[in-house]
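Keep the sequence and the 3D view open as you read.

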Amino acid sequence: MVDLSDIRAATDGLPRSYEVLVRDQIKFRVGQLVYLAVSRDERSMGIAFPKEERDAAIAAEPHKFFRPAPSDERFRWIQVHLDAIDPTELRELVLDAWAMCVPKKVRAEVFGDDR
């Protein structure tokens, strides 16, 4: 299981990323775009995720992924149970979510390609 310290470690050093507290909820942003939000009980997180791939991810791994609140389903977003992932998978999810929010030039600086 991963926790908030693992999430902070995974986001540490990502260009343009910063942590904020909004209504007692920890969120990570690039500019004004939220790419990761930790649930208040710190048992799950929401992350930026391609909307067109969301249903397939949930169907393939329902123990890991679940739907966002109905009000958030219009966004590119998915929820993740933190007890179902390890630090390596967390890092991959965080990088993919962050990459959806930064300009291509910034992504290329971090990944060394046009991801």
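Q: Which residues does arginine 43 contact, leaving aside its neighbours within four places in sequence?
A: This is a predicted model. In it, arginine 43 sits in the loop between strand 3 (33–38) and strand 4 (44–48). Leaving aside neighbours within four places in sequence, its contacts are Val80, His81, Leu82 and Asp83.

Q: How far apart in space are arginine 43 and leucine 82, C-alpha to C-alpha?
A: Leucine 82 is among the residues in contact with arginine 43. In sequence the two are 39 residues apart. In space, C-alpha to C-alpha, the separation is 5.6 Å.

Q: Is arginine 43 buried or exposed?
A: Exposed means over 50% relative accessible area. Arginine 43 has 57% relative accessibility, so it counts as exposed.

Q: Is serine 39 buried or exposed?
A: Serine 39 is in the loop between strand 3 and strand 4. Not counting residues up to four places away in sequence, it touches Gln25, Ser44 and Met45. The cut-off for buried is under 20%. With a relative accessible area of 16%, serine 39 is therefore buried.

Q: With which side chain does the side chain of serine 39 make a polar contact?
A: A polar atom of the serine 39 side chain lies 3.2 Å from the backbone nitrogen of arginine 43. At 2.6 Å, the side chain of serine 39 makes a polar contact with the side chain of aspartate 41.

Q: Which residue in strand 2 is the bridge partner of valine 20?
A: Strand 1 and strand 2 (residues 25–30) run antiparallel. Six bridges join them. In strand 2, the bridge partner of valine 20 is lysine 27.

Q: How many residues apart in sequence are the parts tied together by arginine 8 and glutamate 19?
A: The structure holds five salt bridges. One of them joins arginine 8 to glutamate 19, with the closest N and O atoms 2.7 Å apart. Arginine 8 lies in helix 1 and glutamate 19 in strand 1, so the pair ties together parts whose separation in sequence is 11 residues.

Q: In which helix is glutamate 89, a salt-bridge partner of lysine 64?
A: At 6% relative accessibility, lysine 64 counts as buried. Lysine 64 forms a salt bridge with glutamate 61, and another with glutamate 89. Lysine 64 is in the loop between helix 2 and strand 5, so its pairing with glutamate 89 ties together parts 25 residues apart in sequence. Glutamate 89 is in helix 3 (residues 87–99).

Q: Which residues do salt bridges that share partners join into one network?
A: Side chains of opposite charge can pair when their charged atoms come close. Here, salt bridges with shared partners make one network of Asp55, Arg67 and Glu73.

Conventions
Residues numbered from 1 in each chain as written. Predicted model: local features only at pLDDT ≥ 70, side-chain atom pairs only at ≥ 80, totals over all residues. Heavy atoms only, no water. Helix = DSSP H or I, 4+ residues; strand = E, 2+ residues; numbered from the N terminus. Buried < 20%, exposed > 50% of the residue type's maximum accessible area, 1.4 Å probe, protein only. Contact = heavy atoms within 4.5 Å. Polar contact = N/O pair within 3.5 Å; in protein donor to acceptor, adjacent residues only side chain to side chain. Pairing = 2+ DSSP bridges. Salt bridge = Lys/Arg side-chain N within 4 Å of Asp/Glu carboxyl O.
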